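Let's walk through this structure together, from its backbone pairing to its ring contacts. Have the sequence and the 3D view at hand as you read.

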Amino acid sequence: MGKHVSRRNLLKLGTAAGLGSLAGCDQVAFPGLSRAEGPPQPAATDASELPATSASGFRYEVQRSDEDWRARLTEDEYTVLREGGTEPRNSSPLATETRNGTYACKGCELPIYSSSQKIILPQGWVFFRHSYENAVLTGIDSGQIEAHCRRCGSHLGHILSVQKQIVHCINGSALNFTPIGS
Ligand SMILES: [Zn+2]
């Protein structure tokens with residue numbers, strides 16, 4: 001994904017982490033602080049051995065230039081969606097949203113989650129049991145399972161265990177909510 005955490009983001013994430021911690025989502029609050037180099041990858045010396053669907057050949061359906069992303073998103077949204085950042089807990093009104101409706105990716109408007117799968121937990125992010133079918137791609141970064149929009153690749157949040165249930169722990173700033181009937 002080519003994500004990186006700039007010094008500015010490290011400071012921002014550090015501030016968010018200082019707001020307190022609750023069991024379960026602790027690891028989400030400061031992904032940048034524990035980001036370490038992974039094990040060395042074996043060099044692909046023989047390209048013919050790579051499967052046809054290797055990551056090197058994958059392209060997201062929605063592609064935008066960095067300039068375009070920055071024009072579409074606020075600075076905080078850009079940090080979350082394009083740099084893998086995590087918003088401060090309780091910073092999104094969607095965390096406590098209870099109306100019926102659809103949650104779409106802020107990067108491309110692909111419907112990602114239904115309110116029927118939403119659960120409200122006290123950790124202060126937006127939680128869902130499941131996404132819509134074929135909406136989320138996952139990746140592993142520093143031992144965490146990340147949730148990305150399958151259409152534009154934007155980082156949405158993480159999939160982790162909270163209060164003994166596996167949930168999608170999502171940044172509200174990565175989503176646009178449309179209530180049913182609006
Ligand atoms: Zn998207």
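In what order do the six strands of the open sheet lie? The order is β3-β4-β8-β7-β6-β5, with antiparallel pairing. At the edges are β3 (118-119) and β5, each of which pairs on one side only. Strands here are DSSP runs of E with at least two residues, numbered from the N terminus, and two strands pair if DSSP finds at least two bridges between them. As background, strands of a sheet pair through backbone hydrogen bonds, either parallel or antiparallel.

Before going further, a word on the source: this is a predicted model, in which local features need pLDDT of at least 70 and side-chain atom pairs count only at pLDDT 80 or more, while totals for chains, interfaces and linings use all residues. Residues are numbered from 1 along each chain as its sequence is written, and side-chain values use heavy atoms, leaving out hydrogens and water.

How confident is the predictor? The score is pLDDT, given for each residue from 0 to 100. Its average over the chain is 79, and 69% of the residues score at least 70. Over residues 1-54, however, pLDDT stays under 50. Where pLDDT is low, the predicted coordinates should not be read in detail.

Residues 136-141 make up β5 and residues 144-149 make up β6, and the two pair in the antiparallel sense over six bridges. Across this pairing, Leu 137 stands opposite His 148 in β6. The two strands form a hairpin with two residues between them, and Ser 142 in the turn has a positive phi of about 50°. Elsewhere in the sheet, β4 (residues 126-128) meets β8 (residues 165-170) in an antiparallel pairing over three bridges, where Phe 127 has Cys 169 of β8 as its bridge partner.

Now to the aromatic rings. Rings of Phe, Tyr and Trp (its six-membered ring) pair if their centres lie within 6.5 Å; planes under 30 degrees apart count as stacked, over 60 as edge-to-face and the rest as tilted. By this rule there are four aromatic pairs. One of them, Phe 58 with Tyr 60, is edge-to-face, at 4.9 Å centre to centre and 90° between the planes. Another, Tyr 103 with Phe 177, is tilted, at 4.5 Å and 35°. Because Tyr 103 lies in strand β1 (residues 101-105) and Phe 177 in strand β9 (residues 175-179), this pair ties together parts 74 residues apart in sequence. Tyr 103, Tyr 113, Phe 128 and Phe 177 form one aromatic cluster.

Key
Helix = DSSP H or I, 4+ residues; strand = E, 2+ residues; numbered from the N terminus. pLDDT = per-residue confidence, 0-100. Contact = heavy atoms within 4.5 Å.
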